[in-house]
Structure formats: structure tokens, C-alpha cells
Amino acid sequence: MSHFPEPEPSGLRRGLTSYGDAEFSLFLRKAFIKGAGYSDDALDRTVVGIVNTGSGYNPCHGNMPALVEAVKRGVMLAGGLPVEFPTISVHESFSSPTSMFLRNLMSMDTEEMIRAQPMDAVVLIGGCDKTVPAQLMGAASAGVPAISLVTGSMLTGGYRGERVGACTDCRAFWGRFRAQEITKPEIDDVNSRLVGSVGTCSVMGTASTMACVAEAMGIALPGSASAPAVTADRVRIAEATGTQAVALATAGLSPSAILTPEAFENGLRMLLAIGGSTNAIIHLTAVAGRLGIKLSLDELDRMSAETPVLVDLKPSGRYYMEDFHRAGGVPAVLRELGSLIKRDVLTVTGRTLGEEIDDAGPGFPQDIIRPLSDPIYPQGSLAVLRGNLAPGGAIIKQAAVSPALLEHSGPAVVFENAADLAARIDDPSLDVTADSVLVLRNIGPVGNPGMPEAGYLPIPKKLAAQGVKDMVRISDGRMSGTAAGAVVLHVTPESAVGGPLRLARTGDTVTLSVSRRLVQLEVSIEELTLRDEELGPASPEVPDRGYRRLYVQEVTQANEGCDFRFLNLPVAKPRRSL
Ligand code: FES
Ligand code: MG
């Protein structure tokens, strides 16, 4: 049964303010667009904007033309008028200094272009890591009915009989190359085989995580997160998304009606159960912030204690997104999570999540999505750490830590910044053992604008050559969702704004205790106070001009979502048509 009310008038009349006389403004608007050959019949219909984030620099969105065409078909099947428009596109590997640096810019572009142009609903086509959060942030602020459509994952490739996929296996093979287990010609050959097609990373990295979380929050169609980019399923999902966008427009159901606190709780449960990316916490905090909802790290940690990992995907597990799709995808995980999921929340279908879960039908035998009674890992994938190194919190992907390092104390080897790390990590004379704790500072949102995914510090070459695979690593930066290890991330507050991470010195003992949720510098408070006084007040460098200046002045810390302060506010009133 649909909860949608009756249709209401809409279309090109939205946002008519420019020329004083509203009817003349509409007359002008229609005159111009008729230059593109539209009829009055077309222009009088419900308008669905389609955000096209295709770009030659974004292979994760390489199926954009097919998706846009299918969404348009779906909109027209429902009697609406589809109008595509571009925003910026952000790919992980082609965004300098980082894609995270550009996420907020993309969110502003998305918000303002939705608001500026007349549309009754919008289809947000994104996929690569930062694009889905940027679009949800922008759409949440714009307030226009919105539905998310992801581009879908890439296919896996093969190397000498071994199935491979980006980019967990990129890291694994590079690690083998660094350890001199494979040769230069071999690693060159691997390079051509890691990515089997266009689409987003084939593991449970940030892109897949955000796709699953968006579906669990009800802002994307049920069953839409997991279909690979180049499949018929993906194109059919695009068509259905277009059709649903017309219904969403008719209902005037804004993102704030769907993205409620309960929906975010479902999103966090999904994040924990799929063994999702640490980055997603920052993104969800930012999206929630746009709606005046505060996500608490302590609440996440509480949920983690009771939400086991059910999905056996890389980077911490064995399988890939295409397997997850065949196993039933997000609806199957939601069904297994049972009473841990809030069922009464509204989705973009106009039905509740509970109704959608029931409709998805029963499960079938497979070993990729496990039942609650037989999880992959007994708790959620993520844990929130605190201690004198991270009074504002830090994150660890506990499900991906080598068991021997879950409780560990060792001497710190401190790197001042990313350049210092690059210069010294492979120095044969570096005083480091497998028991050392690698500490990297000044890679937080302000200290290294964009908060690079450099928190996954490489194992020093000489140790890698001895077979060392994992070490405790601590930083105020991020880690790629496709990486795994004993890596403490998002240390807050960051060192560049005066956080205690700046007080660590090489040789200090550092303790990581995941069971006690602790990351601690074993140095007396008196000594730390003395070091703090010696360093004086933190004075982060502020660039002279442009977006970079805006970023450094306005970005919030990781526990607040790294959004800009002036964006991280709910919009006062919902948008209405004339
Ligand atoms: Fe785009 Fe991984 S690089 S999703
Ligand atoms: Mg990534």
C-alpha cells in the first residue's frame, strides 16, 4: 500500500523569481528551453532532474550514459519529463590533494544546482567514494525530493588463476612486490588485470559501503545497492529509479522525511554488519548534520557491541560485490538483522522499510551473507577508541585487525607528517621492529587539507621483507575503505589544531587495547603538560586564497563529519512550488 497523497501541480514554475512578473518569467523560461525542441506537453509535466556525474576522469562512473538513458526512460514511463544536468565528479585516484578535499565542494555544487533549477524531484547518480555522501549532503540541504542511484561495482579480474579486484588486491599485490615476492614484470601484468570493468571498487570499500548504507536508510530503491555496473540488473534499477522519482515528486517527500534519526540508526547498523568502511562514519555524520541530527560515536560503539558482521567481503573477508549481489544484497542483510533494524521508517518507495524487507522474500543457502546466529565476527566491524591520545575519539576497524595486535603496547616511531613518513619509512637504518607503534601526525582535516588516506602506513620495507604483515599504526588521518590492519584512524582532535597526538615522541610507550576501547600514550600528565607548553599554541597554516582557504578555515573535525561549519546546519524551511 502506498503512503503517497494525491498529485499536486508542479514543473517549470518552480523557483520563478528573476523577472518580477512570474508569468513573464515562465514565458521566458519556456521560450528558451523550446529552443531545444520541447513541446508544451513535455514542459507541463512533472520535472525530474538527473544529476549526471560522468567524467573522463571517473571510470567508476563510466556507465553513466547508460544509466542516464535508463533513468530518463523510467521517468517518461511514469509520465514525467527528465532533465539531466552536470555537477562536478570526484574520483579517488584523480582528485588532488584528495577526494575528501573536494567532497564538500561537490555537496555545495549539488545543493545549489538542485535549488537553482526547476525540478520536482532529483535522481542523484553517484558511486565513487565521496560522490554519494556529497550528493546526500547537498540533497538533504536542498530539500527537494531525492532518490539515490549508484553506478554499481566493477567486475573482478583474474591473474594466473587468482581472482582479483580493486583495490584490496592492489594493496596485497603491492605488498608482495615490496616484500620482493613478485617481480617488476609480474606487478606490471597485475596492473592490467585488477579492474575488470567500469564501476566502483569491487570490495566493501567506501563506495560499496555508502551504497549499502543509502539503501538501508531508505533513500535508494530496495535491492539497488549491489548490482554490478555493467549488468542488466543495474540498468533496470536505473529505469525503476526514474519511475519512482516521479512518484516521489508527486508526493513531495523531501529527504528529511526519509533521513530521520531512526534511518541513520539503520544506516549505522548496516555499516557495522557489512564490515564497512571507516570513512562512512565521517560521511554519515556530515549528512546527518545537514538535517540537524547528531550522530554519537558512543552510540555507534554501543551498537557495534550488539551488531555482528554478517557479510564475508574483502577487505576483511573473502568475497566481492558481485557475489554479495547474487547472495541477495542489502535486503538479505536487513532480513538477517531482524529486530536490530527499525522497520517503521519510510523509504523512497512510499512504503516502510519493514514492508520492503518482507517483500524481499526468504533467503536461500549461501555463505556470503550469514545468519545472525552464525556471524563472521561477533561484534560490529568498527570500534570507537578513546584515551589521552584521542579525547574526541578515534576509530579502528576491529574486524580487520590481526588478532595478536588487538591488545598491544610498544615503543612509538613518530613521523611528523606525510613527507617525513615518505622520506624515512623505508630507510634501512630506521630504528623499528614489528612491536613498534607507527605514529603519523599532521594528516588531519586541517593539517593536511583533505585528510588523506595515509593512515594506512606501509610496513617498513625491511620488516615487510621479513614477513611482517601488520603493525599498530595511529594517525589523525583516514584509511581507504579497501584496506585492513591494526590501524587507528581519525584521532580527534587532530595534531594541527593542538590535539595531544602532537605530544607523542619516538620511544614513548603507546598502548592499544581494543577490548578496553583505549588508545593511550604512557606518559605522565606532568610530562605531557610540559611538552604542550614547549610547543606553544597550535597555529595551522592558512592558505592565501580560494577554496583551499575556505576549507582550512571552515572544516570541522572528524567526529563532526569534516563538513564546513556554515553548511552543517539544518535548512530552516522546506522548499515549495509557486
Ligand atoms: Fe571509485 Fe574505488 S576508486 S570506488
Ligand atoms: Mg576508497
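The model on screen is predicted.

Select residues 45–355. UniProt lists this span, in an unreviewed entry, as "domain: Dihydroxy-acid/6-phosphogluconate dehydratase N-terminal". Its end C-alpha atoms lie 30 Å apart, and the span is 49% helix and 9% strand.

Zoom out to the whole chain. Its secondary structure comes to 20 helices and 14 strands. The radius of gyration is 24 Å, close to the 25 Å that the globule rule gives for 578 residues, so the chain is as compact as a globular protein of that length. Along its principal axes the C-alpha trace spans about 75 × 55 × 50 Å. Buried residues make up 56% of the chain.

Next, select helix α5, residues 131–142. With 12 residues at 1.5 Å each, α5 should span 16 Å; the end C-alpha atoms are 16 Å apart, which agrees. Is this helix mostly covered or mostly uncovered? It is mostly covered, with 12 of its 12 residues buried. Among them are T131, P133, Q135 and M137. Step just past the helix to G143, which takes a positive phi of about 80°.

Now show the largest nonpolar core, which has 176 residues; V123, V311, V333 and V439 touch the most other members. Helix α9, residues 232–251, gives the most to this core, with 10 residues.

Leaving out residues up to four places away in sequence, V333 touches M270, A273, I274, L310, V311 and I369.

Technical notes
Residues numbered from 1 in each chain as written. Chains lettered and ligands numbered in written order. Predicted model: local features only at pLDDT ≥ 70, side-chain atom pairs only at ≥ 80, totals over all residues. UniProt positions renumbered as here; feature names shortened; annotations may be inferred. Helix = DSSP H or I, 4+ residues; strand = E, 2+ residues; numbered from the N terminus. Expected span 1.5 Å × (residues − 1). Buried ≥ 20, exposed ≤ 12 C-beta atoms within 10 Å, placed from the backbone. Core = buried A, V, L, I, M, F, W, Y, C linked by C-beta atoms within 7 Å. Contact = placed C-beta atoms within 7 Å. Rg over C-alpha atoms; globule rule 2.2 N^0.38 Å.
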